[in-house]
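Please read them beside the model.

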Amino acid sequence: QFHTIKYEDLKWDESLGQGSFTRIYKGYRTDIRDGEKHCTEVLLKELDACHKNCWESFFESASLMSQISHKHLLLVYGVSVHGEKNIMVQEFVKYGALDLYLKRGKTVSVSWKLDVAKQLASALNFLEEKNIVHGNICAKNLLLAREGDSSQGISPFIKLSDPGISLAMLGKHVLLDRIPWVAPEVLISSENLTLECDKWSFGATVWEVFNNGNSPLKGYNLKEKRRFYETFQRLPPSQWAELADLINHCMDYQADFRPSCRCIIRQLNSLITSDYEILHSTEPVAQ
Ligand SMILES: N#Cc1ccc(Nc2nc(N)cc(-n3cnc(CCO)c3)n2)cc1
């Protein structure tokens, strides 16, 4: 169900860090198309050899992303297996993970952040229409393909990354550490992983985007993270009441009370036109 790529066609460049059980590298893929040699910049996502039993979940995640195509979903070229190595070959997205981009202190406007939220909501709406659960929505899995330039009215462009190893395969500690992105019902049983869980994670991700990429519950240990859910706590609300309401509506402890994607998109559209932008934007506004 997806393309297999010859290991000899891949070249590794610098290491770019790691996800859960995976290591990522910049790389190049040579392939011959209509008689010409092409060399494409790629992202090589390697599954740690010690997690061999996860490889089918790793490939399931790759095949999920290569079976459907949408402008805000990451393009997966295929997979390569070489001895112990399992490698997913993805399009190289120019500016990388959004959480790191925001943490690097880039000041972005309110409308920039709302554009990102709307693009994520449209990707989620697409998945919802296909009844596909992503299961790992977070700012680290949002990749920035275009920075945008608010002075030129050019909006940013994001791509949602593959979900990686499925939640069902992850140990309890990894799941607890994913609080507050993982929906509370999933901690009880990964059987509860439904489309509504992606709405919860969407709320936590929008919170990250509006808090300059800072991790919610930063510094909480696993016990404190568990207590956060057990006592039905909420993330610190944004001063922008309508935004805080949307985030809390998505992060409703009752899964079936969470809004549909269409409702989320409608609420985001109403936010963009509100005068919050004028009152709170960092750029001086022409009087
Ligand atoms: N400096 C820098 C820099 C780093 C990376 C990229 N590009 C890129 N392309 C992808 N397809 C995936 C990722 N990626 C990043 N972190 C994860 C793990 C969480 O998913 C995935 N990064 C571009 C610039």
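1. By class, nine nonpolar, four polar and three charged residues form the shell around the ligand. Here Ala, Val, Leu, Ile, Met, Phe, Trp, Tyr, Cys and Pro count as nonpolar, Asp, Glu, Lys and Arg as charged, and the others, Gly among them, as polar.

2. This is a predicted model, in which local features need pLDDT of at least 70, side-chain atom pairs count only at pLDDT 80 or more, and totals for chains, interfaces and linings use all residues. Residues are numbered from 1 along each chain as its sequence is written, and side-chain values use heavy atoms, with hydrogens and water left out.

3. There are 16 residues around the ligand (a heavy atom within 4 Å). Those that come nearest are Gln90, Glu91, Val93, Lys94 and Asn141.

4. Polar contacts are taken as pairs of N or O atoms within 3.5 Å. Gln90 places a polar side-chain atom 2.9 Å from a nitrogen atom of the ligand, while Glu91 has a backbone N or O atom 2.8 Å from a ligand nitrogen atom. For Asn141, a polar side-chain atom lies 2.8 Å from an oxygen atom of the ligand. The ligand taken alone exposes 530 Å², of which the protein buries 82% (Shrake-Rupley method, 1.4 Å probe).

5. How many disulfides does the count give? The count is zero, with a disulfide defined as a pair of cysteine sulfur atoms within 2.5 Å. The sulfur of Cys261 is 8.7 Å from that of Cys250, the closest cysteine sulfur, and is therefore too far for a bond.

Definitions and conventions. A polar contact is a pair of N or O atoms within 3.5 Å; within protein, one must be able to donate a hydrogen and the other to accept it, and residues adjacent in sequence count only if both atoms are side-chain atoms.
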